Every structure is written in C-alpha cells, then in structure tokens.
Amino acid sequence: MRATNTPSFLVLCVAYHVVFALVSSHDHHHHRGLPPVFVRANQPVVRFRNKTVGILAEGGGNVFVSSDNVTIAGDVEVTTANDGTVNVTEKMDLLTDLQNDMGKRVVSLAGHGDMDVVCNPEGTEYRARDFETGAFGDCMCRALYAGESCDVKRVETCDAVVKSSDGVDPKEWISLGSCSFTDVYEPISVSFVGVGVSVHSFLIVEQREEEEEEEEDANANARKYVAAYQSTDGNCYMTSFEIKMTEPECSYRLLESRKHSQSAWSYDSTCNGKNRKDLIDNHWLASNAVDSTIATASSESGFGISSISFMKCSKTYDERCPVLSTELNGKNWVDIGTCNNLDDVKFVRAYQQGTSMYPRFPTTGNIFHYSSTNSSSTFVIAHQSQDNYCKMVQMELSRDDSSQMCSVKLLNAGYTNSQLSSSTCYTREQVVNNWNNRRGSSVATTQSGSSYGVREIDFKICSTYDSVGGSVIADESKNGKKCGVLGNTNRVFDLRNGDAKEAWCIDACEADDDCVAFSGVFGSWCIGCKVALDTAQTGATAYKKS
C-alpha cells in the first residue's frame, strides 16, 4: 500500500491471522522492488498495554506483515511524510458513493444519448453500435443471460431420476438420494409388470386417505401415491408406493397391489385419465377391489412396478412453476397463459380421447418437441396402444409478441406399427421417426369422435431465466464461516450432497424470510442461518441477503 508519493511503502504478505491498528515504515529508494520477506515464528513479536501498537523500522528497514487475513478493527489511517493523515476508510466510502453516482449518470446519459436501453453490465458481453451513424444497437448478452438489456439469467433445470425396483424384495426401501423435503421427488411415470406385458403408465395420483389427513403432521415426512393402468382384460391394475424422508436422504418402497374389475371401454372409466382424480375413491378404495401379490419383475407372480421415473427440482422452482391444466378445443387455438418465450412452456401430461384409442382415454407423458420457427413450435404426443400401434397427435405452441400470450392447438394425427412387447413409441428419436413415416388419421375433437385426439394437457409456464441481482449476494468477508454447530436453533435449512447446489442453496435462502445468510461447500452441504455466520469452517463459501 503506497501511503504518499514520498519513498515510503508497506508490503503485506499473507500467511497467518493478525489484527493491527497502525504500521509505519521509512524506506529509501534503493529498497524498491525488493522480493517479499515472509514472517517466521522466530522473528520478534511486540505487545504493548497502553492501547497503542507502533512498529518503527530504523535505518531504511522494511516492515512486513504475513497473514491469511489482515483484519483491521476500526478506521484505517495512514500518516504521510509531512505529518498529514489520510483516512483510508473514508476514501473507500467515497469511492462507493462515486460508483453509485456513476451508475445513475450512465442511466441518465442513456436517456439523452440515443442509447434507449441500458445494458446490464453483469450479463452484457458488449454493446452493438453502428459506427457510421453512431447509433447504439442491441445489448449482446453473455452466455446464460438474456433479455433486452441482458438482465435475466438462466436458472437450473430439474434433474430426471429413474430408479429400478426390478429384482428388489417388495416393500424394501430404495434410496432416491439426498433431499430436504419429500416432494422434491415428483413421480412422473412407472413401468408396470405382470399385467400381460411390461407397459409404461403416467397415471399417478397422490393418495390422501381420510385417516392420513387426520395425522398429517405425523406423516409430514412421507407421501403415498397410487399408479394405475387400464388393461383390456377389464381390470384397473394399481400399485401404491411411498416416498419417505429420513434426513438427509429420501427413499421409496412399494406398498400394495390391487385390481378392480370394470368395463374396459366404458366412458365412465376412471382408470384411464378421463376422471383421474376419482381413481382413489372409485377403484383403490372400492370394497370389491382384490389384493394381489406385489411383483417387481415380469418373471414374478402378481403385478407391480419395476421402475419409477422422478423429476427432482428445487423447492423454489416448484413453488414458482406449479402444474397447470387446460382443456383443448381441437384445431382451434386455446390460450394457456403469458410467457416470455416458447421455452417457458413445459408440457407434463396429455389426456387423450377418441374411439380408436386402445384402451380408451389414456394418460401419456410422451410429449416430444418436433420442430420450431421464430414464432411457434410443434410437438408430437404419442401413446403406445395395446393393439400394437404408436398413435400420435401433433400439437402447435405459438406466442403472440404483442400480448405475450402463449396458445396451443392440435394440427394432425397419425399412427405407425409398434409392438406392445417391443415398443418404439417411448423415446423422442423413436416418435419423431414414427411421425415422419406415419399413416395419416383424423383428429378426434370429442370423446366420442373417430380416430384420436387430446382432451386436456398438464403443463408448466416457468421462465428458464431468473432476474439478476436477487436479494442473496456473495459475502466474501464471511467465507470460512458457518451457522453455529449441529443442533443450533439459528439454522433454517440444511441441504446435503446433490441438493447442495449453489443455485438451490440461494433459492432456499431467497424463499425463507428467516434466512439472513448461509454458507456451504457446494456439492456437499449448505446451511441457512437466522443470524450472521459466526463459526469457523474451513472451505465454506458465504452468502448473505443484501
């Protein structure tokens, strides 16, 4: 640190932790450019009891301070050669004020300099400009940033998790991975075995029996679901499973298998997605439902689930992006909500209809992107039918730039051969190839319409970007600190392993009003705190609410 323009300087070399009030040194020109001298334990240590510490190097000597962290308690003042005093703390405050003022001046100049939009410096690579006319162009965003002024940043997407119970003893717990709450794992689809052939089902309903609702607090760390499949033999096949959190891990296990006889083609069926919310009352809890042996592999007796596909998302993402539903109107446009861009819309499930569906009214999650233009995208919704066809409906998603409204409509339908026992109707590559080689069919716009269509869709509208400059910011001054020790009541959240992603930890603190700071070793742990971080922890990176 140069204190004045006279030949006087102070070199700080980092090795151990010291606290000091004032250090001064007299130096001559021939000492400039000397290599750093590291403080060793055998060098003198001086302590004074009169509340002042002074170190004076005579005869042109140098003063060196070696420390990992140099902590200065109070204001920093440097004495100049002419006995003047400079308050460094005041100078730093002045620089901060000047920086804030400069930001305001930039905004003001932009309004009077034909810049129109002010680019966010954090997200902007450079500003385009026409040097012939002098006019400013677009803000050219850095990777992962977007928006007119590059002021929005991508957030992490969800992770897909597929877990197999094939060959595992029924009712044995199977680890899903780290979690901080049970609904971090959302079941999306299951693979049924023992129902004739192995089939996928997207019909999954959370089980909320009356006796469980009365004990809701006691069961806060567990959730139960029923997965169902409508078979052509007239039975609704069902298997229940449970997700449990034993901090810091979530696990699942199969519970029971039941079947309930009904008409396979009835429009009143509630085992095929038409009235999916009634599945529990009408079938699972039916007095004449028959219990069965749980199977986890096709070679076993009974029936059950061989694997489950989950989506694992941060809690903030789930709260910000709830599942929405809308009924379609055939080939007519249906508004589904405003969106920043087409990528904001994520399709979850489709509930199909039409007299050619086999079985009737199936629920599918096989919704694959097919093509895109600047203003629209098309998707293919596919269902593996038990009559050995892959039956598909094409849907278009469009966005109106003026209103920012996103809308959907059905376009066409088609089918190809696909054996149920060796389906080619489950992956994007398979379905796109099928659509390119389809035989055409009409679109069923009603439940009793010929051929097949889509009655209703579940979806999310969630920006793949998040605003830059949230309330949680890095706090380098607290790096190496954590929130107390295990069991400290000031801790507000504790994420471990796969959940301890930097973005997810920031989300957790943003979403918790009590959280004022957190720290962590990302990929291992992060812990939120009601108070400032105060306990030493090697390697911890700290954040705080601004």
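Does Phe310 count as buried or exposed, and at what relative accessibility? At 1% relative accessibility, Phe310 counts as buried. Buried means under 20% relative accessible area, exposed over 50%, and partly exposed in between (1.4 Å probe, protein chains only).

The legends below describe a predicted model, in which local features need pLDDT of at least 70, side-chain atom pairs count only at pLDDT 80 or more, and totals for chains, interfaces and linings use all residues. Residues are numbered from 1 along each chain as its sequence is written, and side-chain values use heavy atoms, with hydrogens and water left out.

**View 1. Phe310 takes part in aromatic pairs with Tyr185 and Tyr252.** Rings of Phe, Tyr and Trp (its six-membered ring) pair if their centres lie within 6.5 Å; planes under 30 degrees apart count as stacked, over 60 as edge-to-face and the rest as tilted. A search of the whole structure finds ten aromatic pairs. Tyr185 and Phe310 form an edge-to-face pair, 6.2 Å centre to centre with 85° between the planes. Tyr185 lies in strand E13 and Phe310 in strand E20, so this pair ties together parts that are 125 residues apart in sequence. Both Tyr185 and Phe310 are buried. The Tyr252 and Phe310 rings have their centres 5.8 Å apart and their planes at 55°, so that pair is tilted. Tyr252 sits in strand E18 and Phe310 in strand E20, 58 residues apart. Tyr252 is buried, with a relative accessible area of 0%. Helices (H or I, at least four residues) and strands (E, at least two) are DSSP runs, numbered from the N terminus.

**View 2. Four strands form an open sheet in the order E11-E20-E13-E14.** The pairing is antiparallel. Two strands pair if DSSP finds at least two bridges between them. Strands E11 (159-164) and E14 (199-201) stand at the edges, each with a single partner strand, so one side of each is left without a neighbour in the sheet. From one strand to the next, the twist averages 25°. Axes are lines fitted to C-alpha atoms, for helices over the stretch in contact, and angles run from 0 to 180 degrees between N-to-C directions. Eight bridges join E13 (residues 185-193) to E20. Ser191 stands opposite Ser307 in E20.

**View 3. Cys313 lies in the loop between strand E20 (304-312) and helix H4 (315-320).** Cys313 is buried, with a relative accessible area of 2%. Ala160 and Cys313 are 153 residues apart in sequence, and 8.9 Å apart in space, C-alpha to C-alpha.

**View 4. Strand E18 (residues 249-261) pairs with E12 (residues 174-178), E17 (residues 235-246) and E19 (residues 290-292).** The E12 pairing is antiparallel, over four bridges. Here Gly177 stands opposite Cys250 in E18. E17 and E18 pair in the antiparallel sense over twelve bridges, and they form a hairpin with two residues between them. Phe241 stands opposite Leu254 in E18. E18 and E19 are antiparallel too, over three bridges. Val290 in E19 is the bridge partner of Lys259.

**View 5. Salt bridges join side chains, including those of Arg349 and Asp458.** A salt bridge is a side-chain nitrogen of Lys or Arg within 4 Å of a carboxyl oxygen of Asp or Glu. A search of the whole structure finds nine salt bridges. Arg349 and Asp458 meet at 3.2 Å, N to O. This pair links distant parts of the chain: Arg349 in strand E23 (residues 345-353) and Asp458 in strand E30 (residues 453-461), 109 residues apart. Arg349 and Asp458 are buried. Arg223 and Glu206 form a salt bridge at 2.8 Å, N to O. Arg223 lies in strand E16 (residues 222-230) and Glu206 in strand E15 (residues 204-206), 17 residues apart. Arg223 counts as partly exposed, at 24% relative accessibility. Glu206 is partly exposed, with a relative accessible area of 28%. Asp401 and Arg399 meet in a salt bridge at 2.9 Å, N to O. Asp401 counts as exposed, at 62%, whereas Arg399 is buried, at 15%.

**View 6. Helix H5 (residues 428-436) has the buried residues Val431, Val432, Asn434 and Trp435.** Seen down the axis of H5, its buried residues fall within an arc of 160°, so they line one face of the helix. The arc is that of the directions from the helix axis to the C-beta atoms. What covers these residues includes strands E25 (367-372), E26 (376-384), E27 (389-399) and E28 (405-417). Contact means heavy atoms within 4.5 Å.
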